[in-house]
Amino acid sequence: MTQVAKDFDWPTNDLVYTLRDYTLVVAKWDYVKDKLTSLDSSELTTGDTIRIHYAKKSLRFTADLTASPSFPSEFHEAPMYRVLQQLHASKGNVQQALYYKAEYKECVMMAKKYKNRGKDDSNYSINQHSY
Amino acid sequence: MKQQEMIETIQQDFPDIGETQIRLMLNRALDKFDSEVELERGTATVSVTVDDKRRYAFTDFTGITSNDDVLSVDRVDYNNKQIKRFTGMIEETDIS
């Protein structure tokens, strides 16, 4: 098989990816040997690129007190509620801890809804099937 | 909401807890929130220049400085075409 990387049809079965040990594996599936094999030099062309679409961590706070979380502003209270929940729980203030836990959970629920509407550029669709 | 506003709000209830400690707790809370929601997304690329190479660390990709920055990968393109995810077992140890 030659020029797999440039000429494969869509959708392809022979070029695949998988995740192992926190690394990305991109390889061909060898149907004869039943194993993943690397692309060799005859199948690579200058400018070949791999692009990943991924969920990433938001920015972490540093000593810059003017910084805000990098996710949308309607969910900024979430980490604060979580901290308040933990601190109140550690002081034995059960009612306040439960209140802030509920506030945090509401932020998580709203954020999941926000994400599933696709405003974060992710794709979320329900495929129709006939029975 | 700025970090300072969060710290001041928390210190209204807990005035004895310092800024550094609260920042540490806020960052741990951000870790939890990120892992629960996976709200932020991004794309990153790497040039394929070496043959007989299958494994790519996330830090090989542009703009990713730590493997921890990647929470999950849900799509991979090769030359702008989506490739399928291999879900089988790799029986031989393979670290190429």
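**Entry 1: the strand pair between the chains**

I began with V25(A), which stands opposite R55(B) in β2(B). The two strands concerned, β2(A) and β2(B), pair in the antiparallel sense over three bridges, where strands are said to pair if DSSP finds at least two bridges between them. I noted that the model is predicted, that local features need pLDDT of at least 70 and side-chain atom pairs pLDDT 80 or more, and that totals for chains, interfaces and linings use all residues. Residues are numbered from 1 along each chain as its sequence is written, while chains are lettered from A and ligands numbered from 1 in the order in which they are written.

**Entry 2: chain A as a whole**

I looked up the elements of chain A and found three helices and four strands, which follow the pattern α-β-β-β-β-α-α along the sequence. Both kinds of element are DSSP runs numbered from the N terminus, helices being H or I with at least four residues and strands E with at least two. Of the 131 residues of chain A, 29% count as buried, a word that applies if 20 or more other C-beta atoms, placed from the backbone, lie within 10 Å of a residue's own.

**Entry 3: the nonpolar cores**

A nonpolar core is a set of buried Ala, Val, Leu, Ile, Met, Phe, Trp, Tyr and Cys residues joined through C-beta atoms within 7 Å. In the largest one, of 23 residues, I found that Y17(A), L24(A), V26(A) and V76(B) touch the most other members. At least two residues of this core come from each of β1 (15–20), β2 (23–30) and β4 (49–56) of chain A, and from each of β1 (41–47) and β3 (70–78) of chain B. Leaving out residues up to four places away in sequence, V26(A) touches Y17(A), I50(A), R54(B), Y56(B), V76(B) and Y78(B); a contact here has C-beta atoms, placed from the backbone, within 7 Å. I also found a second, separate core of 22 residues, which includes A78(A), M80(A), C107(A) and L39(B).

**Entry 4: the side of chain B that touches chain A**

I found 63 residues of chain B in contact with 64 residues of chain A. On the chain B side α2(B) gives the most, with twelve residues.

Finally I checked helix α2 (residues 77–90) of chain A against helix α2 (residues 19–37) of chain B, whose axes come within 8 Å and cross at roughly 115°. The axes are lines fitted to C-alpha atoms over the stretch in contact, and angles run from 0 to 180 degrees between N-to-C directions. On the α2(A) side the residues include P79(A) and V83(A), and on the α2(B) side they include L26(B) and F33(B).

Technical notes. Buried ≥ 20, exposed ≤ 12 C-beta atoms within 10 Å, placed from the backbone. Contact = placed C-beta atoms within 7 Å.
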